[in-house]
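Biologist: I have a structure open and a few things to ask about it. Can we go through them one by one?

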Amino acid sequence: MKKILIMNGPNLNLLGIREKSIYGDQSFEEYFETLKNKYGAVDLSYFQSNTEGVLIDKLHEVGFDFDGIVLNAGAYTHTSVAIADAIAAIHTPVVEVHISNVHQREAYRHHSYLSKNCKGVILGFGLDSYRLALESLL
Ligand code: DQA
């Protein structure tokens, strides 16, 4: 059974509450349940943190063992050389995900420090971006 971790960064614990016109009205926990039901043959787990170092620790913890990581690093995407370095350091392939189409938004969201070290990037499909990223790892 493939082991895949979905990781969410800062403010994504507020999905369903936060800026609904951009991020939708479903909580990630609820969406994760539908994903788990759909992908019963995958060992799927979920982790969220608002803290950069905690996200890095988690990448180190699973990054030599899991088959794939789906990562929405939130705003750290646009700021964190440290998360980019962690992705480069581990062996597990990481797919970068964004719910919104960041290229239609503020210029400071157009650059990602992470993309270069990721297997690929999926963005702009709402929560379905996570499923598409998962598919790409299977
Ligand atoms: C986001 C886009 C980021 O720019 C933003 O900071 C987020 C969410 C997205 O999923 O669309 O927190 O990663």
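This is a predicted model: local features need pLDDT of at least 70, side-chain atom pairs count only at pLDDT 80 or more; totals for chains, interfaces and linings use all residues.

Biologist: What is phi of N11 near?

Modeller: Phi of N11 is near 75°, which is a positive value in a residue other than glycine.

Biologist: And is N11 buried, exposed or partly exposed?

Modeller: N11 has a relative accessible area of 38%. Buried would need under 20% and exposed over 50%, so N11 counts as partly exposed.

Biologist: What about E19, where is that one?

Modeller: E19 is also placed in the loop between β1 and α1. Phi of E19 is near 30°, again a positive value in a residue other than glycine. With a relative accessible area of 45%, E19 is partly exposed.

Biologist: On to the ligand. Which residues surround the ligand?

Modeller: Around the ligand are R18, Y23, N72, G74, A75, H78, H98, I99, S100, V102 and R109.

Biologist: How does that shell split by class?

Modeller: Four residues of the shell are nonpolar, five are polar and two are charged.

Biologist: Which polar side-chain atoms lie by an oxygen atom of the ligand, and how many Å away? Start with S100.

Modeller: For S100, a polar side-chain atom lies 2.6 Å from a ligand oxygen. H78 has a polar side-chain atom 2.7 Å from an oxygen atom of the ligand. In N72, an N or O atom of the side chain is 2.8 Å from a ligand oxygen.

Biologist: How much of the ligand does the protein bury?

Modeller: The protein buries 99% of the 320 Å² that the ligand exposes when taken alone.

Biologist: Back to H78. Where is H78 found?

Modeller: H78 is in the loop between β3 (68-72) and α4 (81-89).

Biologist: Is H78 buried or exposed?

Modeller: The relative accessible area of H78 is 15%. The limit for buried is under 20%, so H78 is buried.

Biologist: New topic, the packing. How many residues has the largest nonpolar core?

Modeller: The largest nonpolar core has 22 residues, and I6, F28, L44, V70 and Y130 have the most contacts inside it. The elements giving two or more residues to this core are β1 (2-8), α2 (28-38), β2 (42-48), β4 (94-98) and α5 (128-137).

Biologist: What is F28 in contact with?

Modeller: Leaving aside neighbours within four places in sequence, F28 is in contact with I6, N8, L15, Y46, L127 and Y130. I6 and Y130 are also named among the core residues with the most contacts.

Biologist: Which residues does the second core include?

Modeller: The second core is separate and has 19 residues, including A73, I83, V94 and L114.

Biologist: Now S45. Where does S45 lie?

Modeller: S45 lies in strand β2. S45 counts as partly exposed, at 24% relative accessibility.

Biologist: What does S45 touch?

Modeller: Apart from residues up to four places away in sequence, S45 touches I4, L5, I6, F32 and F66. S45 and M7 are 38 residues apart in sequence, and their C-alpha atoms are 8.6 Å apart in space.

Biologist: And K2, where is its place?

Modeller: K2 is in strand β1. At 37% relative accessibility, K2 is partly exposed.

Biologist: What does K2 touch?

Modeller: K2 touches V42, D43, D67, L137 and L138, leaving out residues up to four places away in sequence. With L137, a polar atom of the K2 side chain lies 3.3 Å from the backbone oxygen. K2 and G68 are 66 residues apart in sequence and 8.2 Å apart in space, C-alpha to C-alpha.

Biologist: Last one. Where is G53 found?

Modeller: G53 is in helix α3 (residues 52-62). G53 counts as partly exposed, at 35% relative accessibility.

Technical notes
Residues are numbered from 1 along each chain as its sequence is written. Side-chain values use heavy atoms; hydrogens and water are left out. A residue is near a molecule or strand if one of its heavy atoms lies within 4 Å of it. A polar contact is a pair of N or O atoms within 3.5 Å; within protein, one must be able to donate a hydrogen and the other to accept it, and residues adjacent in sequence count only if both atoms are side-chain atoms. Accessible areas come from the Shrake-Rupley method with a 1.4 Å probe; for residues, only the protein chains shown count as cover. Ala, Val, Leu, Ile, Met, Phe, Trp, Tyr, Cys and Pro count as nonpolar, Asp, Glu, Lys and Arg as charged, and the others, Gly among them, as polar. A nonpolar core is a set of buried Ala, Val, Leu, Ile, Met, Phe, Trp, Tyr and Cys residues joined through side-chain atoms within 4.5 Å. Buried means under 20% relative accessible area, exposed over 50%, partly exposed in between (1.4 Å probe, protein chains only). Helices (H or I, at least four residues) and strands (E, at least two) are DSSP runs, numbered from the N terminus. Contact means heavy atoms within 4.5 Å.
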